[in-house]
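We'll walk through it one stop at a time.

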Amino acid sequence: MKELSYYPGCSLEGTAREYDESIRAVCEMLGVTLHELEDWTCCGASSAHCTDENLAIELATRNLALAEKGGRELLVPCVACYSRFKVAEKEVREHPERWETPYQGKVQIRYALDFFCEDSLLEAVGEKVVVPLSGLKVACYYGCLSVRPPGITGVGSYEDPQHMDRLMSTLGAEPLPWSYKTDCCGASLVMTRTDIVRKLSHLLLEMAREAEADCLVTGCTMCQANLDTRQEEISKEFGQKYDLPIFYFTELMGLAMGHRDVKKWFGRHLTDPTRLLNSKGLMG
Amino acid sequence: MKPEMGVKGMEMEGGGEAIDPSFSELVAQESGENLLACYQCQKCSAGCPVAYTMDVLPNQVIRMVQFGLREKVLSSHTIWICASCYTCSVRCPNDIDIAKVMDVLRHIALGSGIKPAERDIPIFHSVFLDSIKSKGRIHELGLIWQYKAKTRDFMKDAALGWKMFRKGKIKLFPSKFGGGREIKGIFSRYEKGK
(Lines give C-alpha, C1' and ligand atoms only; values in the text may rest on other atoms or scores of the structure.)
Protein backbone atom coordinates (compact mmCIF):
# COMPACT_ATOMS: atom_id res chain seq x y z
CA MET A 1 0.00 0.00 0.00
CA LYS A 2 1.48 3.31 -1.09
CA GLU A 3 0.23 6.75 -0.05
CA LEU A 4 0.86 9.93 -2.00
CA SER A 5 -0.24 13.54 -1.95
CA TYR A 6 -2.17 14.48 -5.07
CA TYR A 7 -2.24 17.80 -6.94
CA PRO A 8 -4.88 17.47 -9.70
CA GLY A 9 -4.42 20.92 -11.25
CA CYS A 10 -7.06 23.14 -12.83
CA SER A 11 -7.74 21.37 -16.11
CA LEU A 12 -8.48 18.09 -14.34
CA GLU A 13 -11.54 19.81 -12.87
CA GLY A 14 -12.83 20.59 -16.37
CA THR A 15 -11.66 19.56 -19.82
CA ALA A 16 -9.46 16.76 -18.50
CA ARG A 17 -12.01 15.31 -16.09
CA GLU A 18 -11.60 11.80 -17.45
CA TYR A 19 -7.87 11.97 -16.69
CA ASP A 20 -8.66 12.75 -13.04
CA GLU A 21 -11.33 10.05 -12.86
CA SER A 22 -9.15 7.40 -14.47
CA ILE A 23 -6.07 8.22 -12.42
CA ARG A 24 -8.03 7.93 -9.17
CA ALA A 25 -9.57 4.67 -10.42
CA VAL A 26 -6.32 2.96 -11.37
CA CYS A 27 -4.64 4.12 -8.16
CA GLU A 28 -7.41 2.49 -6.18
CA MET A 29 -7.02 -0.74 -8.15
CA LEU A 30 -3.28 -0.74 -7.51
CA GLY A 31 -3.61 -0.03 -3.80
CA VAL A 32 -2.22 3.49 -4.12
CA THR A 33 -4.01 5.95 -1.82
CA LEU A 34 -4.17 9.56 -2.99
CA HIS A 35 -4.55 12.45 -0.56
CA GLU A 36 -5.63 15.53 -2.53
CA LEU A 37 -3.79 18.62 -1.28
CA GLU A 38 -6.22 20.77 0.62
CA ASP A 39 -6.64 24.29 -0.78
CA TRP A 40 -4.31 23.76 -3.71
CA THR A 41 -4.09 26.67 -6.11
CA CYS A 42 -3.09 27.11 -9.75
CA CYS A 43 0.59 26.42 -10.50
CA GLY A 44 0.73 29.52 -12.73
CA ALA A 45 0.91 27.41 -15.90
CA SER A 46 2.32 28.97 -19.05
CA SER A 47 0.98 32.47 -18.47
CA ALA A 48 2.93 33.15 -15.28
CA HIS A 49 6.34 32.20 -16.68
CA CYS A 50 5.62 34.23 -19.82
CA THR A 51 4.87 37.26 -17.66
CA ASP A 52 7.07 37.19 -14.56
CA GLU A 53 9.37 34.36 -13.50
CA ASN A 54 9.27 35.31 -9.80
CA LEU A 55 5.49 35.20 -9.74
CA ALA A 56 5.64 31.82 -11.49
CA ILE A 57 7.99 30.43 -8.83
CA GLU A 58 5.86 31.75 -5.95
CA LEU A 59 2.61 30.34 -7.36
CA ALA A 60 4.30 26.95 -7.63
CA THR A 61 6.06 26.96 -4.25
CA ARG A 62 2.82 27.73 -2.41
CA ASN A 63 1.57 24.29 -3.46
CA LEU A 64 4.90 22.59 -2.91
CA ALA A 65 4.98 23.94 0.64
CA LEU A 66 1.56 22.39 1.26
CA ALA A 67 2.80 19.07 -0.07
CA GLU A 68 6.00 19.21 1.95
CA LYS A 69 3.98 19.71 5.11
CA GLY A 70 2.10 16.51 4.28
CA GLY A 71 5.36 14.59 4.21
CA ARG A 72 4.42 12.34 1.29
CA GLU A 73 5.57 12.19 -2.32
CA LEU A 74 3.50 14.43 -4.58
CA LEU A 75 1.75 12.93 -7.60
CA VAL A 76 1.14 15.42 -10.44
CA PRO A 77 -0.88 14.29 -13.48
CA CYS A 78 -0.66 17.47 -15.57
CA VAL A 79 2.69 17.82 -17.24
CA ALA A 80 2.50 21.61 -17.35
CA CYS A 81 2.04 21.77 -13.56
CA TYR A 82 4.80 19.17 -13.17
CA SER A 83 7.20 21.23 -15.26
CA ARG A 84 6.47 24.41 -13.29
CA PHE A 85 6.93 22.56 -9.99
CA LYS A 86 10.25 21.10 -11.07
CA VAL A 87 11.50 24.50 -12.22
CA ALA A 88 10.52 25.97 -8.84
CA GLU A 89 12.20 23.07 -7.04
CA LYS A 90 15.45 23.66 -8.91
CA GLU A 91 15.34 27.39 -8.23
CA VAL A 92 14.64 27.02 -4.49
CA ARG A 93 17.29 24.31 -4.09
CA GLU A 94 19.92 26.37 -5.91
CA HIS A 95 19.04 29.79 -4.50
CA PRO A 96 17.23 29.29 -1.17
CA GLU A 97 18.28 32.80 -0.05
CA ARG A 98 16.09 34.42 -2.74
CA TRP A 99 12.79 32.98 -1.57
CA GLU A 100 10.67 33.60 1.48
CA THR A 101 8.83 30.32 1.54
CA PRO A 102 8.46 27.49 4.01
CA TYR A 103 9.13 25.16 1.05
CA GLN A 104 12.61 23.67 1.31
CA GLY A 105 12.87 21.74 -1.94
CA LYS A 106 12.52 18.40 -0.17
CA VAL A 107 9.20 16.94 -1.32
CA GLN A 108 9.52 14.36 -4.10
CA ILE A 109 7.56 15.54 -7.15
CA ARG A 110 6.36 12.68 -9.33
CA TYR A 111 4.83 13.05 -12.78
CA ALA A 112 2.05 10.48 -13.07
CA LEU A 113 3.38 8.85 -16.23
CA ASP A 114 6.86 8.40 -14.76
CA PHE A 115 5.32 7.04 -11.57
CA PHE A 116 3.31 4.32 -13.32
CA CYS A 117 6.22 3.40 -15.59
CA GLU A 118 8.50 2.50 -12.69
CA ASP A 119 9.45 -1.18 -12.66
CA SER A 120 7.64 -2.02 -9.41
CA LEU A 121 4.40 -0.37 -10.56
CA LEU A 122 4.67 -1.88 -14.05
CA GLU A 123 4.88 -5.31 -12.47
CA ALA A 124 1.82 -4.62 -10.31
CA VAL A 125 -0.07 -3.35 -13.37
CA GLY A 126 0.89 -6.45 -15.37
CA GLU A 127 -0.55 -8.69 -12.65
CA LYS A 128 -3.89 -6.83 -12.75
CA VAL A 129 -4.42 -6.98 -16.51
CA VAL A 130 -7.64 -8.89 -17.23
CA VAL A 131 -8.44 -7.53 -20.70
CA PRO A 132 -5.13 -7.49 -22.61
CA LEU A 133 -5.34 -4.78 -25.27
CA SER A 134 -4.39 -7.25 -28.00
CA GLY A 135 -4.36 -5.86 -31.49
CA LEU A 136 -4.56 -2.23 -30.39
CA LYS A 137 -1.85 -0.32 -32.23
CA VAL A 138 -0.94 2.78 -30.25
CA ALA A 139 1.26 5.77 -31.01
CA CYS A 140 2.72 6.88 -27.68
CA TYR A 141 2.70 10.67 -27.73
CA TYR A 142 4.90 12.12 -24.99
CA GLY A 143 4.73 15.75 -26.13
CA CYS A 144 7.16 18.38 -24.87
CA LEU A 145 7.27 18.92 -21.15
CA SER A 146 7.08 15.29 -20.02
CA VAL A 147 10.58 14.83 -21.41
CA ARG A 148 12.08 18.29 -21.99
CA PRO A 149 14.26 19.83 -20.77
CA PRO A 150 16.04 16.76 -19.34
CA GLY A 151 17.68 18.91 -16.63
CA ILE A 152 14.16 19.38 -15.26
CA THR A 153 12.46 16.07 -16.13
CA GLY A 154 15.40 13.74 -15.58
CA VAL A 155 14.42 11.78 -18.71
CA GLY A 156 17.59 10.50 -20.39
CA SER A 157 16.18 9.47 -23.78
CA TYR A 158 14.31 12.69 -24.38
CA GLU A 159 14.41 12.46 -28.19
CA ASP A 160 13.06 8.90 -28.32
CA PRO A 161 11.55 8.01 -24.95
CA GLN A 162 10.38 4.46 -24.33
CA HIS A 163 8.70 4.38 -20.93
CA MET A 164 5.10 4.85 -22.11
CA ASP A 165 5.78 2.28 -24.82
CA ARG A 166 6.77 -0.20 -22.08
CA LEU A 167 3.60 0.55 -20.15
CA MET A 168 1.49 -0.02 -23.28
CA SER A 169 3.25 -3.36 -23.92
CA THR A 170 2.50 -4.35 -20.33
CA LEU A 171 -1.19 -3.70 -21.06
CA GLY A 172 -0.97 -5.98 -24.10
CA ALA A 173 -1.18 -3.18 -26.68
CA GLU A 174 1.25 -2.77 -29.54
CA PRO A 175 3.25 0.48 -29.29
CA LEU A 176 4.43 1.58 -32.74
CA PRO A 177 7.71 3.22 -33.63
CA TRP A 178 7.11 6.71 -35.02
CA SER A 179 9.11 9.91 -35.24
CA TYR A 180 6.77 12.45 -33.66
CA LYS A 181 6.67 11.20 -30.07
CA THR A 182 8.00 14.43 -28.62
CA ASP A 183 6.86 17.03 -31.15
CA CYS A 184 4.78 19.99 -29.99
CA CYS A 185 0.98 20.25 -30.54
CA GLY A 186 0.95 24.03 -30.03
CA ALA A 187 -0.27 23.75 -26.43
CA SER A 188 -1.80 26.92 -24.97
CA LEU A 189 -1.66 28.75 -28.32
CA VAL A 190 -4.98 27.02 -28.93
CA MET A 191 -6.93 30.01 -27.61
CA THR A 192 -4.93 32.69 -29.36
CA ARG A 193 -3.37 31.21 -32.50
CA THR A 194 -5.66 28.27 -33.19
CA ASP A 195 -4.23 28.14 -36.74
CA ILE A 196 -0.86 27.06 -35.32
CA VAL A 197 -2.44 24.35 -33.16
CA ARG A 198 -4.43 22.99 -36.11
CA LYS A 199 -1.30 22.84 -38.25
CA LEU A 200 0.88 21.13 -35.63
CA SER A 201 -1.89 18.79 -34.49
CA HIS A 202 -2.57 17.87 -38.11
CA LEU A 203 1.06 16.88 -38.53
CA LEU A 204 0.86 14.64 -35.45
CA LEU A 205 -2.39 12.99 -36.57
CA GLU A 206 -1.04 12.48 -40.08
CA MET A 207 2.20 10.93 -38.87
CA ALA A 208 0.34 8.62 -36.48
CA ARG A 209 -1.96 7.61 -39.36
CA GLU A 210 1.04 6.97 -41.59
CA ALA A 211 2.52 4.75 -38.86
CA GLU A 212 -0.82 2.86 -39.01
CA ALA A 213 -1.75 3.69 -35.43
CA ASP A 214 -5.32 3.04 -34.25
CA CYS A 215 -5.05 5.79 -31.65
CA LEU A 216 -2.68 8.07 -29.74
CA VAL A 217 -1.91 7.88 -26.04
CA THR A 218 -0.80 10.84 -23.94
CA GLY A 219 -0.27 12.05 -20.40
CA CYS A 220 -0.72 15.74 -21.19
CA THR A 221 -4.04 17.54 -20.84
CA MET A 222 -3.23 20.14 -23.50
CA CYS A 223 -2.10 17.53 -26.04
CA GLN A 224 -5.21 15.46 -25.39
CA ALA A 225 -7.56 18.43 -25.75
CA ASN A 226 -5.87 19.82 -28.86
CA LEU A 227 -5.79 16.48 -30.66
CA ASP A 228 -9.15 15.13 -29.50
CA THR A 229 -11.42 18.14 -29.88
CA ARG A 230 -10.32 19.54 -33.24
CA GLN A 231 -10.20 16.52 -35.56
CA GLU A 232 -13.30 17.63 -37.44
CA GLU A 233 -11.82 21.09 -38.11
CA ILE A 234 -8.46 19.59 -39.05
CA SER A 235 -10.11 17.09 -41.39
CA LYS A 236 -11.91 19.95 -43.16
CA GLU A 237 -8.89 22.21 -43.36
CA PHE A 238 -6.43 19.60 -44.63
CA GLY A 239 -8.78 17.44 -46.71
CA GLN A 240 -7.99 14.20 -44.91
CA LYS A 241 -10.52 12.52 -42.65
CA TYR A 242 -9.16 11.75 -39.19
CA ASP A 243 -10.86 9.54 -36.64
CA LEU A 244 -8.08 8.74 -34.20
CA PRO A 245 -9.11 8.45 -30.54
CA ILE A 246 -6.73 10.21 -28.12
CA PHE A 247 -6.47 8.35 -24.82
CA TYR A 248 -4.95 9.24 -21.51
CA PHE A 249 -2.59 6.39 -20.59
CA THR A 250 -4.57 5.93 -17.36
CA GLU A 251 -7.76 5.27 -19.35
CA LEU A 252 -6.08 2.40 -21.18
CA MET A 253 -4.73 1.10 -17.86
CA GLY A 254 -8.29 1.14 -16.51
CA LEU A 255 -9.58 -0.61 -19.63
CA ALA A 256 -6.96 -3.37 -19.43
CA MET A 257 -7.49 -3.81 -15.69
CA GLY A 258 -11.25 -4.09 -16.25
CA HIS A 259 -12.45 -0.97 -14.47
CA ARG A 260 -16.23 -0.53 -14.53
CA ASP A 261 -16.16 3.22 -15.35
CA VAL A 262 -14.32 3.12 -18.68
CA LYS A 263 -17.47 3.87 -20.69
CA LYS A 264 -18.02 7.02 -18.65
CA TRP A 265 -14.47 8.25 -19.35
CA PHE A 266 -14.64 7.44 -23.05
CA GLY A 267 -18.02 9.19 -23.22
CA ARG A 268 -16.25 12.47 -22.56
CA HIS A 269 -14.10 12.23 -25.70
CA LEU A 270 -15.09 14.23 -28.76
CA THR A 271 -13.42 11.67 -31.02
CA ASP A 272 -15.43 8.70 -29.80
CA PRO A 273 -13.27 5.62 -29.18
CA THR A 274 -16.21 3.19 -28.85
CA ARG A 275 -16.20 1.99 -32.47
CA LEU A 276 -12.46 1.31 -32.44
CA LEU A 277 -12.59 -0.57 -29.15
CA ASN A 278 -15.63 -2.59 -30.23
CA SER A 279 -13.92 -3.56 -33.48
CA LYS A 280 -11.01 -4.92 -31.43
CA GLY A 281 -13.38 -6.70 -29.07
CA LEU A 282 -12.11 -4.68 -26.11
CA MET A 283 -15.41 -3.21 -24.82
CA GLY A 284 -17.65 -5.51 -22.88
CA MET B 1 8.63 21.64 -44.97
CA LYS B 2 10.24 25.00 -44.40
CA PRO B 3 11.59 25.95 -47.82
CA GLU B 4 12.10 29.60 -46.99
CA MET B 5 14.21 28.98 -43.94
CA GLY B 6 17.64 28.56 -45.54
CA VAL B 7 17.31 31.93 -47.20
CA LYS B 8 15.60 33.73 -44.35
CA GLY B 9 18.11 32.35 -41.90
CA MET B 10 20.95 34.23 -43.49
CA GLU B 11 19.28 37.62 -43.61
CA MET B 12 20.10 40.11 -40.91
CA GLU B 13 18.85 43.62 -41.11
CA GLY B 14 19.61 46.20 -38.48
CA GLY B 15 17.09 48.47 -40.22
CA GLY B 16 18.95 51.52 -39.05
CA GLU B 17 17.96 50.94 -35.44
CA ALA B 18 20.33 52.36 -32.86
CA ILE B 19 22.27 49.70 -31.01
CA ASP B 20 21.53 49.43 -27.30
CA PRO B 21 24.32 47.45 -25.60
CA SER B 22 22.52 47.59 -22.24
CA PHE B 23 19.76 45.47 -23.80
CA SER B 24 22.07 42.50 -24.44
CA GLU B 25 23.44 42.84 -20.93
CA LEU B 26 19.94 42.91 -19.46
CA VAL B 27 18.85 39.78 -21.36
CA ALA B 28 22.01 37.92 -20.38
CA GLN B 29 21.58 38.92 -16.75
CA GLU B 30 17.86 38.12 -16.50
CA SER B 31 18.20 34.78 -18.26
CA GLY B 32 21.55 33.76 -16.81
CA GLU B 33 22.47 32.53 -20.30
CA ASN B 34 25.71 33.20 -22.17
CA LEU B 35 24.33 34.52 -25.43
CA LEU B 36 27.79 35.23 -26.82
CA ALA B 37 28.33 31.48 -27.09
CA CYS B 38 25.95 31.34 -30.08
CA TYR B 39 27.81 30.72 -33.35
CA GLN B 40 24.71 30.71 -35.57
CA CYS B 41 24.49 27.00 -36.38
CA GLN B 42 20.71 27.53 -36.74
CA LYS B 43 19.88 24.22 -35.10
CA CYS B 44 17.32 26.02 -32.90
CA SER B 45 15.45 27.34 -35.93
CA ALA B 46 15.69 24.05 -37.82
CA GLY B 47 13.95 22.16 -35.02
CA CYS B 48 11.44 24.86 -34.04
CA PRO B 49 7.88 23.66 -34.75
CA VAL B 50 6.56 27.21 -35.10
CA ALA B 51 9.46 28.72 -37.10
CA TYR B 52 7.26 28.57 -40.21
CA THR B 53 5.12 31.41 -38.86
CA MET B 54 7.81 33.51 -37.15
CA ASP B 55 8.98 36.83 -38.58
CA VAL B 56 12.41 36.52 -36.94
CA LEU B 57 13.91 33.03 -36.53
CA PRO B 58 15.20 31.98 -33.09
CA ASN B 59 18.86 32.10 -34.18
CA GLN B 60 18.24 35.62 -35.53
CA VAL B 61 16.69 36.65 -32.22
CA ILE B 62 19.88 35.61 -30.44
CA ARG B 63 21.97 37.54 -32.98
CA MET B 64 19.80 40.63 -32.64
CA VAL B 65 20.09 40.48 -28.86
CA GLN B 66 23.90 40.26 -29.20
CA PHE B 67 23.75 43.37 -31.39
CA GLY B 68 21.49 45.21 -28.93
CA LEU B 69 18.63 45.61 -31.42
CA ARG B 70 16.10 46.07 -28.66
CA GLU B 71 13.16 47.39 -30.59
CA LYS B 72 13.42 44.87 -33.41
CA VAL B 73 13.40 41.98 -30.93
CA LEU B 74 10.69 43.29 -28.64
CA SER B 75 8.34 44.16 -31.50
CA SER B 76 8.69 40.75 -33.17
CA HIS B 77 5.93 38.15 -33.46
CA THR B 78 8.47 35.49 -32.58
CA ILE B 79 8.76 36.21 -28.87
CA TRP B 80 4.99 35.64 -28.46
CA ILE B 81 4.62 32.72 -30.86
CA CYS B 82 7.32 30.62 -29.13
CA ALA B 83 5.35 27.73 -27.59
CA SER B 84 7.99 27.00 -24.90
CA CYS B 85 8.43 23.44 -26.19
CA TYR B 86 12.17 23.51 -25.35
CA THR B 87 13.24 21.75 -28.56
CA CYS B 88 15.74 24.55 -29.25
CA SER B 89 17.09 24.54 -25.71
CA VAL B 90 17.89 20.81 -25.68
CA ARG B 91 19.51 20.87 -29.12
CA CYS B 92 21.73 23.94 -28.75
CA PRO B 93 25.36 22.79 -28.99
CA ASN B 94 26.36 25.68 -26.75
CA ASP B 95 23.78 24.97 -24.07
CA ILE B 96 21.89 28.22 -24.47
CA ASP B 97 18.41 27.82 -22.99
CA ILE B 98 16.72 29.67 -25.84
CA ALA B 99 13.20 29.01 -24.53
CA LYS B 100 14.21 30.73 -21.30
CA VAL B 101 15.61 33.66 -23.26
CA MET B 102 12.21 33.94 -25.02
CA ASP B 103 10.52 34.09 -21.59
CA VAL B 104 12.85 36.90 -20.52
CA LEU B 105 12.19 38.79 -23.78
CA ARG B 106 8.45 38.54 -23.12
CA HIS B 107 8.94 39.91 -19.59
CA ILE B 108 11.01 42.82 -20.90
CA ALA B 109 8.53 43.45 -23.75
CA LEU B 110 5.61 43.70 -21.33
CA GLY B 111 7.31 46.49 -19.41
CA SER B 112 8.74 48.24 -22.48
CA GLY B 113 5.73 50.12 -23.80
CA ILE B 114 6.37 48.58 -27.23
CA LYS B 115 3.12 47.38 -28.79
CA PRO B 116 3.14 43.57 -28.94
CA ALA B 117 3.08 42.24 -32.51
CA GLU B 118 0.65 39.51 -31.46
CA ARG B 119 -2.43 41.22 -30.04
CA ASP B 120 -4.20 38.25 -28.46
CA ILE B 121 -1.38 36.29 -26.79
CA PRO B 122 -0.48 38.93 -24.16
CA ILE B 123 -4.21 39.50 -23.57
CA PHE B 124 -4.63 35.78 -22.93
CA HIS B 125 -1.75 35.73 -20.41
CA SER B 126 -3.10 38.76 -18.57
CA VAL B 127 -6.64 37.35 -18.38
CA PHE B 128 -5.20 34.01 -17.22
CA LEU B 129 -3.28 35.67 -14.38
CA ASP B 130 -6.30 37.82 -13.41
CA SER B 131 -8.26 34.62 -13.18
CA ILE B 132 -5.74 33.04 -10.80
CA LYS B 133 -5.61 36.23 -8.75
CA SER B 134 -9.36 36.43 -8.27
CA LYS B 135 -10.18 32.73 -7.83
CA GLY B 136 -6.93 30.95 -6.97
CA ARG B 137 -7.57 28.31 -9.60
CA ILE B 138 -8.34 28.51 -13.29
CA HIS B 139 -12.01 28.05 -13.97
CA GLU B 140 -11.84 27.34 -17.70
CA LEU B 141 -15.28 28.66 -18.64
CA GLY B 142 -14.75 31.90 -16.73
CA LEU B 143 -11.33 32.31 -18.32
CA ILE B 144 -12.75 31.83 -21.82
CA TRP B 145 -15.50 34.40 -21.21
CA GLN B 146 -13.09 36.99 -19.93
CA TYR B 147 -10.76 36.39 -22.85
CA LYS B 148 -13.63 36.71 -25.32
CA ALA B 149 -14.83 39.89 -23.64
CA LYS B 150 -11.37 41.42 -24.17
CA THR B 151 -10.85 40.22 -27.73
CA ARG B 152 -14.51 40.74 -28.79
CA ASP B 153 -14.52 37.42 -30.62
CA PHE B 154 -17.58 35.73 -29.15
CA MET B 155 -18.39 33.29 -31.93
CA LYS B 156 -15.02 31.56 -32.22
CA ASP B 157 -15.24 27.93 -31.04
CA ALA B 158 -18.85 28.42 -29.91
CA ALA B 159 -19.99 25.17 -31.58
CA LEU B 160 -17.02 23.28 -30.15
CA GLY B 161 -17.75 24.69 -26.69
CA TRP B 162 -21.31 23.41 -26.89
CA LYS B 163 -20.11 19.92 -27.87
CA MET B 164 -17.65 19.91 -24.97
CA PHE B 165 -20.39 21.03 -22.62
CA ARG B 166 -22.57 18.11 -23.71
CA LYS B 167 -19.67 15.73 -23.07
CA GLY B 168 -19.38 17.00 -19.49
CA LYS B 169 -16.03 18.70 -20.11
CA ILE B 170 -17.17 22.19 -19.13
CA LYS B 171 -17.38 22.98 -15.46
CA LEU B 172 -20.09 25.60 -14.96
CA PHE B 173 -19.07 27.03 -11.61
CA PRO B 174 -15.68 27.61 -10.01
CA SER B 175 -14.62 25.32 -7.12
CA LYS B 176 -14.92 26.62 -3.59
CA PHE B 177 -11.78 26.35 -1.50
CA GLY B 178 -9.51 28.35 0.77
CA GLY B 179 -6.11 29.75 -0.06
CA GLY B 180 -7.46 32.81 -1.87
CA ARG B 181 -5.95 35.29 0.59
CA GLU B 182 -2.48 33.80 0.18
CA ILE B 183 -2.75 34.06 -3.60
CA LYS B 184 -3.78 37.72 -3.34
CA GLY B 185 -0.73 38.27 -1.12
CA ILE B 186 1.57 36.74 -3.73
CA PHE B 187 0.08 38.93 -6.45
CA SER B 188 0.23 42.13 -4.42
CA ARG B 189 3.96 41.56 -3.71
CA TYR B 190 4.57 41.01 -7.38
CA GLU B 191 2.53 44.04 -8.45
CA LYS B 192 4.32 46.29 -5.95
CA GLY B 193 7.69 45.12 -7.25
CA LYS B 194 6.81 46.18 -10.78
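Start by selecting chain B and colouring by secondary structure: from the N terminus on, its elements run α-α-α-α-α-α-α-α-α-α-α-α. That makes twelve helices and zero strands; helices (H or I, at least four residues) and strands (E, at least two) are DSSP runs, numbered from the N terminus.

A word on what you are looking at: this is a predicted model, in which local features need pLDDT of at least 70 and side-chain atom pairs count only at pLDDT 80 or more, while totals for chains, interfaces and linings use all residues. Residues are numbered from 1 along each chain as its sequence is written, and chains are lettered from A and ligands numbered from 1 in the order in which they are written.

**Chain B**

How much of chain B is buried? Buried residues account for 38% of its 194 residues. Here a residue is buried if 20 or more other C-beta atoms lie within 10 Å of its own, exposed if 12 or fewer, and partly exposed in between, with C-beta atoms placed from the backbone.

Next, select 58-67 in chain B. This is helix H4, mostly covered, with seven of its ten residues buried. Show the side chains of Pro58(B), Asn59(B), Gln60(B), Val61(B), Ile62(B), Met64(B) and Val65(B), the buried ones. They pack against several helices of chain B, including H2 (21-31), H3 (43-47) and H8 (98-110); contact is counted when the C-beta atoms of two residues, placed from the backbone, lie within 7 Å. Just after H4(B), click on Gly68(B), where phi is positive at about 75°.

Then jump to Asp157(B), in the loop between helix H10 (140-151) and helix H11 (158-166) of chain B. Asp157(B) is not a glycine, yet its phi is positive, near 60°. Asp157(B) is partly exposed, with 19 other C-beta atoms within 10 Å.

**Where the chains meet**

Bring chain A back into view. The contact between the chains takes 40 residues from chain A and 42 residues from chain B. On the chain A side, highlight helix H2 (45-51), helix H3 (53-70) and helix H9 (194-210), each of which supplies at least two residues. By class, that side of chain A has 17 nonpolar, twelve polar and eleven charged residues. In this count Ala, Val, Leu, Ile, Met, Phe, Trp, Tyr, Cys and Pro are nonpolar, Asp, Glu, Lys and Arg are charged, and the others, Gly among them, are polar.

**Chain A**

Now look for the open sheet in chain A: four strands in the order S6-S5-S7-S8, with parallel pairing. S6 and strand S8 (246-248) of chain A are the edge strands, each pairing on one side only; two strands pair if DSSP finds at least two bridges between them. Zoom in on strand S7 (215-218) of chain A, which pairs with S8(A) over three bridges. One bridge to pick out joins Thr218(A) to Tyr248(A) in S8(A).

Select Leu216(A) and show its surroundings. Among the residues Leu216(A) touches are Ala139(A), Leu227(A) and Ile246(A).

Pro149(A) sits in the loop between strand S5 (137-140) and helix H7 (150-153) of chain A, and the peptide bond joining Arg148(A) and Pro149(A) is cis, with omega about -15°. Last, find Ala187(A), in the loop between strand S6 (174-175) and H9 of chain A. Ala187(A) has a positive phi of about 45° although it is not a glycine, and Ala187(A) is buried, with 25 other C-beta atoms within 10 Å.

Note on methods. Lists of a residue's contacts leave out its neighbours within four places in sequence.
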